[in-house]
Amino acid sequence: MGPVPRTLELFYDVLSPYSWLGFEILCRYQNIWNINLQLRPSFLGGIMKDSGNKAPALIPRKAQYMANDIKVLRQHVQVPIQFPKDFFSVILEKGSLSAMRFLTAVNLEHPEVLENVSRELWMRVWSRDEDITQPQSILAAAEKAGMSAEQAQGLLEKSSTSKVKNQLKETTEAACRYGAFGLPITVAHVDGQTHMVFGSDRMELLAYLLGIFCGPGGCLSSPYPQGFQEGVHH
């Protein structure tokens, strides 16, 4: 028997582009790093309010940096990410509450498809500039991710129940207890200790916490997965 996988919790919101980047990197390396990756759909709006933080887009210099950063990371991480045309409407007005409640319902009922449905919602809002707030848009994303129309409709109905709403609230509060002030955060449980790492660009630190060697060539040196070459997605 090999070593027991270390547990990582990824708290994310599909409204966060950096959450998508961190999500893809960890999904690629979960087997290589021998980690038990637990996806935790959370509500970014609740975390921002609880922490008193402000969206980077509201600060002009941060907004400009973010726009340039996303362009570079699109190439570097090989994820087809780009800004929505009406960025402020998508991010600051429409939000992601309905989408995150739906993902919470998916996690409760069909966790085996949570990765694919999450990815498809990111593809809609951060690659194809499509809606993620209307019921038909969420259903379309779920079906494209492999769910049947009947399954998707059932989960959409459950996403408005108190059970799902409370679960999303509890997950968001858990992220806040870990110290979240934005998303994504990755929480590593190693040798009885808990480490919270913010952002998608701390993978070498995360590898260090997991006891993974990062040499001169880096610890993220494996090829990108088929299907995430520029502009290609299955």
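The following legends describe close-up views of a predicted model.

**Figure 1. Overall make-up of the protein.** The secondary structure comprises ten helices and four strands, taken as DSSP runs numbered from the N terminus (helices: H or I, at least four residues; strands: E, at least two). Along the sequence these elements follow the pattern β-α-β-α-α-α-α-α-α-α-α-β-β-α. Of the 234 residues, 48% count as buried, that is, under 20% relative accessible area with a 1.4 Å probe and protein chains only. Residues are numbered from 1 along each chain as its sequence is written, and side-chain values use heavy atoms, with hydrogens and water left out. Because the model is predicted, local features need pLDDT of at least 70 and side-chain atom pairs count only at pLDDT 80 or more, whereas totals for chains, interfaces and linings use all residues.

Figure 2. Four strands form an open sheet of mixed pairing in the order 2-1-3-4, where two strands pair if DSSP finds at least two bridges between them. Strand 2 (35-41) and strand 4 (193-198) are the edge strands, each pairing on one side only. On average, neighbouring strands are turned by 20° against each other, direction ignored; axes are lines fitted to C-alpha atoms, for helices over the stretch in contact, and angles run from 0 to 180 degrees between N-to-C directions. Five bridges join strand 1 (residues 6-12) to strand 3 (residues 185-190) in the antiparallel sense, and L10 stands opposite T186 in strand 3.

**Figure 3. Helix 1 against the sheet.** Helix 1 (residues 17-29) lies across strand 1, strand 2 and strand 3, with contact meaning heavy atoms within 4.5 Å. Helix 1 runs at about 155° to strand 2.

**Figure 4. Helix 5 and its cover.** The 13 residues of helix 5 (residues 97-109) reach 18 Å from the first C-alpha to the last, close to the 18 Å expected at 1.5 Å a residue; the expected span is 1.5 Å times one less than the number of residues. The buried residues of helix 5 are A99, M100, F102, L103, T104, A105 and V106. Their cover includes strand 1, strand 2, helix 6 (114-126), helix 7 (135-144), helix 8 (149-158) and helix 9 (162-177).

**Figure 5. The largest pocket.** About 1200 Å³ of space lies in this pocket, an open set of points on a 1 Å grid over the protein atoms alone, where a 1.4 Å probe fits, with protein on both sides within 12 Å along at least five of seven lines. The volume is the space filled by probe spheres set on the points, which are joined across faces, edges and corners. The lining comprises 47 residues, of which S16, Y18, L183, P184 and F198 lie nearest the centre; lining residues have an atom within 4 Å of a point. Helix 3 gives the most to the lining, with seven residues.

Key
Buried means under 20% relative accessible area, exposed over 50%, partly exposed in between (1.4 Å probe, protein chains only).
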